[in-house]
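Notes below, in the order I looked things up.

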Amino acid sequence: MTDISSQLPRLSRAAHAAHCKRCLSGLPASQTDVDASRLALGFYCIGSLDLLGLLESQVPSGEREDWRAWLWKQQARGKYGSGFRPSPLMTAQRLSHEESMEYTDYDTPHIIMTYTALLSLGILRDDFSKLDRPGLLKFLRSCQRADGSFSTVPGSNESDLRTLYCAFAISNMLNDWSGVDIPSAISFVATCRTHEGGYGQSTHCEAQGGTTYIAVASLSLASTWTGQAEYLTNTERDTTIRWLVQNHDKSGGFCGRTGKNADACYCFWCGAALKILGAGDLVDADALASFLARCQFKYGGIAKAPGESSDPYHTYLSLAALSMYPPRPEVAGAQAPSWRFEPLDPLLNAREDTALWVRIHVPEKAV
């Protein structure tokens, strides 16, 4: 592990917030490739401001209301149910500014973007009065495939553990799992497990830190509904913990795959998986903070590795990792206030108070 021989530098909270605000107002050239997933990009930016505790102080209420309105315009209804599109699409049927438009077979909602939309609206403290809950459950059923996995959009052949996690997270937010065949989905998760103890994106794929988090979080979310305490045996759990800890690199960061370099995003993916498994005490929080401090970009934002350019994705996940694993005050020294965060819910990947808001306001209200 890296040698912490001196105190940490300041975490540049204001600069990181400015980076996210710039990306919300207009994508820099380095980020234009993600324009088609604008809703996810919005989540990383809004989520970073939330984790930094700067959303209300730096973003006027009118602007936050504009973001809420824009998010609801991405909700669409159709024969497969209701969900959220990745971004406004340039088709003749998109000329209207009405919310919850009818989609076509070429413009269906996206399950990952639906998950990020619900979290973003929770961060913005929306009351979810516009949410089509029955349509959302129908959408989840439309995305589940015969092998238990979930496609990104109804009828697509593209599926992996990420989409399954989003279906589970959405069901948890709704407090209604009727849109999911849980046993079939759990069986699919088991097929993605590798000999190392990690999980790949799909059956027979290489283990990755991100999809290992996805699998661990999905199993934990399911257990909150089914009441089944453990979907992993003690041996399986210990093997997964060992593989995750082995990826805790000497640089202080985490590697996403065996033998690869550390990457800032895996500080969350691997760290959150360990937290869910009850092994968070095995993470060297001081070394992790030192690695992420070196990943800070001089103009704001956090990069995947030292010397790289920043982006909202790595910025958000780095801040989420620090929310779970802040450095000790004596290591942060005079800069300790800049490294303080509110606690994070690792299952939904949001601040605990945001996750609580979502779980209170997303479910159907009893009448």
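**Ground rules.** I'm working from a predicted model, where local features need pLDDT of at least 70, side-chain atom pairs count only at pLDDT 80 or more, and totals for chains, interfaces and linings use all residues. Residues are numbered from 1 along each chain as its sequence is written, and side-chain values use heavy atoms, with hydrogens and water left out.

I looked up an open sheet of 3 strands and found the order 2-1-3 with mixed pairing. Strand 2 (81-84) and strand 3 (101-102) are at the edges with a single partner strand each, so one side of each has no neighbour in the sheet. For the terms, strands (E, at least two residues) and helices (H or I, at least four) are DSSP runs numbered from the N terminus, and two strands pair if DSSP finds at least two bridges between them.

**Strands 1 and 2.** I see a hairpin that joins strand 1 to strand 2 through 2 residues. Strand 1 (residues 75-78) and strand 2 run antiparallel, joined by 4 bridges. Ala76 has Gly83 as its bridge partner, and Arg77 stands opposite Ser82. In strand 2, Gly81 and Gly83 point one way, Ser82 and Phe84 the other, and all are buried (under 20% relative accessible area; exposed is over 50%, partly exposed in between; 1.4 Å probe, protein chains only).

**Helix 10.** I checked the length of helix 10 (residues 234-246): its 13 residues should span 18 Å at 1.5 Å a residue, and the end C-alpha atoms are 18 Å apart, which agrees. The expected span is 1.5 Å times one less than the number of residues. Thr239, Thr240, Ile241, Trp243 and Leu244 are buried in helix 10. The buried residues of helix 10 pack against helix 9 (209-226), strand 4 (254-255) and helix 11 (264-276).

**Phe168.** Not counting residues up to four places away in sequence, Phe168 touches Trp177, Val180, Ala185, Ile186, Ser218, Leu221 and Ala222, contact being heavy atoms within 4.5 Å.

**Arg351.** I ended on Arg351 in strand 7 (residues 350-351). Arg351 is buried, at a relative accessible area of 13%. Leaving aside neighbours within four places in sequence, Arg351 has contacts including Asp50, Glu342 and Asp345.
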